[in-house]
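Here is a short tour of one protein model, written to be read with the structure open beside it.

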Amino acid sequence: ELEATFAGRGPWADAVLARRAEDLAEIPQLHGEESAGIPMLVARGAETLYGLELRHLGHIVPTPRLARVPGAPPAVLGVIAVAGRVMRLFDLDRLCNGTSVSLSRADAETDPSGYAIVLRTGTGTGRPAALRVREVERVADIVPPRSAAPAEAGPLVRAIAADRMAILDMVALLDLVKT
């Protein structure tokens, strides 16, 4: 029994693993209060800070090798393979009418920096897609401002937070990348 316990088998080990799984599944609350914010990934583009709702994101990987797609729109850097799935890689700055500092397709092929954020585009009609960002900063509960973003922010920006973060309209973004 002792050998089984130290090897991680048996009822004692199962109970420890079950308890650990329950602890990890709990969503932590700060000071016993419920969070009023929306869980978001805070990521940086060329010059813009973006807030993306976590529930619409699959996972994040360092930018994989990129294959160009002739005739693709400017926002599509190319296609990548992540976890055995081939998907289009969109430049988030270009999608959001960002700065021209963003990488060109040729630069994206030779510059492996940055991250690909895989989107949850759904099954069936949802074509897999990912967004390229320069940096992934943190996950935080963000309270979006009640006022809408100015029109010049673009159709994918829902609001601008106090720290000048562009909070994205994930439904509009997902609709755009599915087509």
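## Around Arg88

Setting aside neighbours within four places in sequence, Arg88 is in contact (heavy atoms within 4.5 Å) with Val76, Gly78, Val79, Arg127, Pro128, Ala129, Ala130, Val177, Lys178 and Thr179. Arg88 belongs to strand E5; helices (H or I, at least four residues) and strands (E, at least two) are DSSP runs numbered from the N terminus.

Arg88 is buried and has no salt bridge, with the nearest oppositely charged side chain, Asp175, 11 Å away. Here buried means under 20% relative accessible area, exposed over 50%, and partly exposed in between (1.4 Å probe, protein chains only). A salt bridge is a side-chain nitrogen of Lys or Arg within 4 Å of a carboxyl oxygen of Asp or Glu. Lys and Arg count as positive, Asp and Glu as negative, while His and the chain ends are not counted.

## About the model

This is a predicted model, in which local features need pLDDT of at least 70 and side-chain atom pairs count only at pLDDT 80 or more, while totals for chains, interfaces and linings use all residues. Residues are numbered from 1 along each chain as its sequence is written, and side-chain values use heavy atoms, leaving out hydrogens and water.

## A buried aspartate

Which helix holds Asp93? Asp93 is found in H3, residues 92-95. Asp93 is also buried without a salt bridge, and Arg134, the nearest side chain of opposite charge, is 5.3 Å away.

## Salt bridges

The structure holds six salt bridges. In one of them, Glu53 pairs with Arg55 at 2.9 Å, N to O; Glu53 is buried at 8% relative accessible area, whereas Arg55 is exposed at 57%. Asp91 and Arg94 form another, with their closest N and O atoms 3.9 Å apart. Asp91 is buried at 5% relative accessibility, and Arg94 is partly exposed at 28%.

Glu137 and Arg138 meet at 3.6 Å, N to O. Salt bridges also link Arg44, Glu137, Arg138 and Asp163 in a network.

## Nonpolar cores

A nonpolar core is a set of buried Ala, Val, Leu, Ile, Met, Phe, Trp, Tyr and Cys residues joined through side-chain atoms within 4.5 Å. The largest has 27 residues, and Leu52, Phe90, Leu95, Leu131 and Leu168 have the most contacts inside it. Among the elements that each supply at least two residues of this core are strand E1 (38-44), strand E2 (49-53), H3 and helix H5 (170-178). H5 gives the most, with four residues. Apart from this core lies another of 10 residues, including Val61, Val82, Met87 and Ala116.

## Two loops with positive phi

Most residues other than glycine have a negative phi. Ala83, in the loop between strands E4 (76-82) and E5 (85-91), has a positive phi of about 50°. Arg164, in the loop between strand E9 (157-160) and E10, has a positive phi of about 65°. Ala83 is exposed at 72% relative accessibility, and Arg164 is exposed at 71%.
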